[in-house]
Amino acid sequence: MTDLLRALKERLGEAGVLTAHADTDAYCHDWRGLYHGRARAVIRPADTASVADAVRLCAKHGAQLVPQGGNTSMVGGASVRDDSSEIILSLARMNRVRAIDPIDMTLSVEAGVILKTAQEAAAAAGCLLPLSISAEGSAQIGGILATNAGGNNTVRYGNARELVLGIEAVLPDGSVLSAMRRLRKDNTGYSLRHLLVGSEGTLGIITAAVLQLAPQPRTIEVALCAVPSPESALTLFTRMRGQDPSAIQAFEYMSGISMGLVTQYIEGATLPLERAAPHYVLIELATARDNANLRTLLESVLAEALEDGCALDAVIAESGAQRAALWKLREEHSEAQKRAGGNVKNDVSVPLSQVPALIARASDACATLIPGIRIAPFGHLGDGNIHFNLIQPEAMARDDFLAREHDIMETVAAIVRDLDGSFSAEHGIGRLKTDMMQTWRGGAELQSMRRIRQAIDPDGLFNPGKLF
Ligand code: FAD
Ligand code: 2HG
Ligand code: ZN
């Protein structure tokens with residue numbers, strides 16, 4: 001055993017340092033199955049002081065660290081190389097809810113708290129943590145902040161960034177940046193918390209955060225609506241927004257092909273409509289107001305849409321169980337697509353008005369590029385964020401399809417660029433998109449980011465090979 005591992009074991013205890021391949025292997029493969037590495041060790045500190053000491057020890061020995069939360073990154077953000085040189089720092093043991101305040105509407109949590117646990121803690125105090133993603137049963141607060149995750153409620157409450165009031169993080173020299181303030185107003189220099197949010201583990205290891213909560217909704221209405229086209233989906237959104245923008249809790253789009261994969265591959269997922277449609281939207285309206293009559297609002301917008309052809313069919317949930325069943329039809333797209341074969345993902349955003357053009361143009365271009373490709377977009381329509389995902393043709397070998405990943409991503413990217421969009425709306429850059437970062441964010445933008453990285457982590461100890 002090396003001096004470093006011995007010193008880490010002395011500081012973190014046996015349970016805090018895993019070195020056997022059987023113990024570390026599970027941390028070395030990403031959710032998508034794109035990256036398979038080998039770590040020198042996995043360290044699992046249980047508190048902030050231990051993280052700081054471990055970072056200092058690693059810095060002293062020049063060892064590079066990869067922070068890891070729930071390991072649900074879609075871009076290989078928490079993956080390690082396969083040369084057994086990097087050490088994974090897992091936050092999983094830092095899983096305490098430190099405080100919750102229903103008057104301040106704040107939740108203070110350690111970074112390893114799983115999102116679902118944080119949501120439940122907020123609900124138990126009569127509040128809502130307005131951040132919801134399909135990976136919420138595994139993703140951790142630290143990972144979510146490090147990627148500035150979006151998700152299903154961004155349309156109303158913003159990205160993870162908008163919810164962070166305070167942060168605590170260990171910097172590459174082992175110092176602790178302690179800014180766990182729970183203030184709505186605090187103009188005291190650079191907003192370092194916002195620098196850490198979205199930094200993908202390259203500037204600091206987030207150890208805790210203060211999150212802004214919202215009032216818990218008293219009324220929730222969920223509808224699934226079949227629509228003839230992305231244009232109709234957008235019209236439905238703008239009509240709903242025109243009636244009551246503050247009621248829209250989620251407005252999600254799903255292509256017919258992707259929905260077909262959900263009903264084919266996911267046990268218990270059935271479409272509660274008479275027939276399959278080319279496109280769907282899932283609408284959630286919610287309010288903390290009593291007697292808000294959201295049902296009337298939803299019914300009137302849907303009735304108008306059914307009458308003028310903007311909608312083909314619709315169903316409104318009548319119970320909590322039915323709401324969950326409709327949400328299952330949205331939440332399982334990633335899993336269903338994974339089961340259907342090789343996937344290429346394009347987590348892109350465009351101005352809302354351009355969503356129909358994006359879907360039409362990218363569908364045509366991909367169908368021309370690889371005949372038989374399954375075009376399976378879905379995503380957060382209300383934010384202009386479409387996961388323009390492609391599944392291998394049934395008759396094509398998985399590896400042959402994945403060998404075309406670069407061509408496919410470039411094809412979609414060219415259209416997104418033309419529509420003034422972004423090549424990564426919410427999943428970040430990680431390891432997968434570093435080359436796109438060069439082309440899309442070159443010049444002063446990338447140069448400034450490199451300077452910040454150089455100033456804070458001059459030896460490149462944190463998450464090497466990611467983001468840049
Ligand atoms: P990890 O995957 O472990 O890490 C992600 C990045 O953050 C890595 O760069 C890692 O080094 C870094 N990191 C992790 N913890 C820390 C820390 N404490 N301090 C500093 N850096 C850290 N994303 C969305 O935005 N919206 C969605 O709707 C969404 N849905 C998803 C659905 C599924 C089924 C899956 C598998 C993923 C989804 N994601 C989504 C992607 C993913 O970004 C989020 O799940 C989440 O942000 C990652 O959290 P994690 O704890 O798993 O982080
Ligand atoms: C979602 O919106 C996630 O469900 C995952 O961001 C998207 O699988 C994907 O491409
Ligand atoms: Zn998403």
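1. R417 lies over the face of W440, at 4.4 Å from the ring centre, where a charge is taken to sit over a ring if NZ of Lys or CZ of Arg is within 6 Å of the ring centre and within 35 degrees of the ring normal. A second case is K338, which is placed over the face of W31 at 3.7 Å from the ring centre.

2. A word on the basis of these values: this is a predicted model, in which local features need pLDDT of at least 70 and side-chain atom pairs count only at pLDDT 80 or more, while totals for chains, interfaces and linings use all residues. Residues are numbered from 1 along each chain as its sequence is written, chains are lettered from A and ligands numbered from 1 in the order in which they are written, and side-chain values use heavy atoms, with hydrogens and water left out.

3. A search of the whole structure gives two aromatic pairs, a pair being rings of Phe, Tyr and Trp (its six-membered ring) whose centres lie within 6.5 Å, with planes under 30 degrees apart counted as stacked, over 60 as edge-to-face and the rest as tilted. The rings of F237 and F251 have centres 5.0 Å apart and planes at 75°, so this pair is edge-to-face. Because F237 belongs to helix α8 (residues 230–243) and F251 to strand β13 (residues 248–255), the pair ties together parts that are 14 residues apart in sequence; helices (H or I, at least four residues) and strands (E, at least two) are DSSP runs, numbered from the N terminus. F237 counts as buried at 3% relative accessibility, and F251 is buried with a relative accessible area of 1%, where buried means under 20% relative accessible area, exposed over 50% and partly exposed in between (1.4 Å probe, protein chains only).

4. In the other pair, the rings of F423 and W440 have their centres 5.1 Å apart and their planes at 40°, so the pair is tilted. F423 lies in the loop between α15 (405–418) and α16 (434–440), and W440 in helix α16, so the pair ties together parts that are 17 residues apart in sequence. Both F423 and W440 are buried.

5. G421 is also found in the loop between α15 and α16, and at 19% relative accessibility G421 counts as buried. Leaving aside residues up to four places away in sequence, G421 touches S349, V350, V416 and W440, contact meaning heavy atoms within 4.5 Å.

6. The residues around ligand 2 include R330, H380, H387, E426 and H427, a residue being near a molecule if one of its heavy atoms lies within 4 Å of it. Oxygen atoms of ligand 2 are involved in the following approaches: 2.7 Å to an N or O atom in the side chain of R330, 3.0 Å to a polar side-chain atom of H387, and 2.9 Å to an N or O atom in the side chain of E426. Taken alone, ligand 2 exposes 300 Å², of which the protein buries 91%; accessible areas come from the Shrake-Rupley method with a 1.4 Å probe, and for residues only the protein chains shown count as cover.

7. Which residues come nearest among the 36 around ligand 1? They are P67, G69, G70, T72 and T147. An oxygen atom of ligand 1 is 2.7 Å from a polar backbone atom of G69, and a nitrogen atom of ligand 1 is 3.1 Å from an N or O atom in the side chain of E426. The protein covers 97% of the 970 Å² of accessible area that ligand 1 has on its own. Helix α5 gives the most to the shell around ligand 1, with five residues.

Key: Polar contact = N/O pair within 3.5 Å; in protein donor to acceptor, adjacent residues only side chain to side chain.
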